[in-house]
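Please keep the sequence and the structure in view while reading.

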Amino acid sequence: MTTGTPRSAWQDVPAPRVREFAERALAEIPVLAEDILQAIRREYPSLPLALDDSGEPMALIGIRRALEHFVRPLASGSYTPHVPPQVFQQFGRGEVLQGRSLDSLQAVYRLGIRLSWRRLADLGTQMEIPPPAMYELADSGFQYLDGLVAESVRGYAEAAARQAGERLRLQRRLLDLLLTEHHRGPAEHGELLADRAARINWRLPQTVAVALLVRPAPSAVAPAVGDEMLLDMESEQPRLVVPDPDAAGRVDLLRRATAGWAGAVGPPVPLAAAATSLRWAQCALSLMERGLLPSGELLYCTDHTEALVLLPPEELIEGLTRRRLAPLEECGPAHRRRLAETLLAWLETRGGAPEVAGRLGVHPQTVRYRLRQIRQLWGEDIDEPDNRFELELVLRAMRLRGELG
């Protein structure tokens, strides 16, 4: 035994009566559509009423078409209504342009179906259409409603995707302008920034911080930073512009939004100097990749100023290190390291043997012995302020690189 399409209850209704029911329903559609529109206007007075080129409300056209496509199949002997896609997709697109969700539109559809069913039910009673056929018509109405919503969702999704794509394109143009060294005058640059920011409704802040992010995985979900921050996921290393980075709660918000991501956040700078903040973030990320700064987290450049100042100019620091630590060349590696650590502790504390010993965790007498050696090696140069400053610089850089304890 094979199972085919279930038999329609309308097939048990005489064909002339079915055609008459459909014709009378079609004849009532213009008035019914007007009544439905008026009910919608009463129920949702704030909904805008878009007009077509002839000045007729688009909603009225949509209601008429929906009713016609629902009723007309009965007149032709078909019992499956066809959803008109174009106008209802347009309604979905309109919700995107108006900045609304589909909730109100779906509520309007439900109201229209409810009012339509009342009118059709009255007509069915007048024409003595059997209840099974009317029940089937009611069930078709709910399925038809699902189809209308599906078409509107399709139009909404397409419009939202286009709108999102356009916003991303405009946002990248703004980011490129922000994060590229410019040679325009301040007034011209500011006007261009304001114009591009206005196109995506982004408020120009006084200060920004620029972050470079490290993808935890190729398919990682983008940080949920919202439209307030500018995020560029197209770059190999995603870029993020954080407005007003010192505002209350901004650090916590950024930490939650970037959970699972690592990277570096440049220092806060005036808006026009955003490229500078990006440059420091790039520098920090480079040090993180070399293991000289902590990785696996969102690092703030302002928390690692010493490393960012002393580690990047390697050639300068290495040359200065060779000159200032030349007296240690004759010492063995272990002894050279102990003297360097003692010298750095002395320079940092400016104290005597007890203070230096406490810092190093050794006996004060050991420190006195080392300090005497240091004075013998450097002589009077150790008392010159500029020399002491440069010694502290190179020794701090060595400690940052892990060469000293």
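## A pair at arginine 375

Which side chain meets that of arginine 375 in a salt bridge? The partner is aspartate 383, with an N to O distance of 3.2 Å. A salt bridge is here a side-chain nitrogen of Lys or Arg within 4 Å of a carboxyl oxygen of Asp or Glu. Arginine 375 is partly exposed, because its relative accessibility is 40%; aspartate 383 is likewise partly exposed at 40%. Buried means under 20% relative accessible area, exposed over 50%, and partly exposed in between (1.4 Å probe, protein chains only).

## Basis of the model

The model is predicted: local features need pLDDT of at least 70 and side-chain atom pairs count only at pLDDT 80 or more, whereas totals for chains, interfaces and linings use all residues. Residues are numbered from 1 along each chain as its sequence is written, and side-chain values use heavy atoms, with hydrogens and water left out.

Over the whole structure, 23 salt bridges are found. Side chains of opposite charge can pair when their charged atoms come close.

Helices (H or I, at least four residues) and strands (E, at least two) are DSSP runs numbered from the N terminus. Glutamate 314 is partly exposed at 29% relative accessibility, and arginine 290 is partly exposed at 42%.

Arginine 359 and glutamate 348 form another salt bridge, with 2.7 Å from N to O. Here too distant parts of the chain are linked, 11 residues apart, with arginine 359 in helix α12 (residues 353–360) and glutamate 348 in helix α11 (residues 333–349). Arginine 359 is partly exposed, with a relative accessible area of 47%, whereas glutamate 348 counts as buried because its relative accessibility is 19%. Both residues belong to a network of salt bridges that also links Glu306, Arg350, Glu392, Arg396 and Arg399.

## Buried positions

Aspartate 232 lies in strand β2 (residues 230–232) and is buried, with a relative accessible area of 3%. Its side chain makes a polar contact with the side chain of serine 235 at 2.8 Å. The side chain of aspartate 232 also reaches the backbone nitrogen of glutamate 234 at 3.0 Å. A polar contact is a pair of N or O atoms within 3.5 Å; within protein, one must be able to donate a hydrogen and the other to accept it, and residues adjacent in sequence count only if both atoms are side-chain atoms.

Leucine 120, in helix α4 (residues 103–126), is also buried, at 8% relative accessibility. The C-alpha atoms of leucine 120 and glutamate 306 are separated by 80 Å, and these residues are 186 apart along the chain.

## Positive phi values in loops

Glutamate 128 has phi near 55 degrees, a positive value in a residue other than glycine. Glutamate 128 is in the loop between α4 and α5 (131–178) and is exposed at 60% relative accessibility.

Asparagine 201, a further residue other than glycine with positive phi, has a value near 60 degrees. Its place is in the loop between α6 (186–199) and β1 (207–214). Asparagine 201 counts as exposed because its relative accessible area is 73%.
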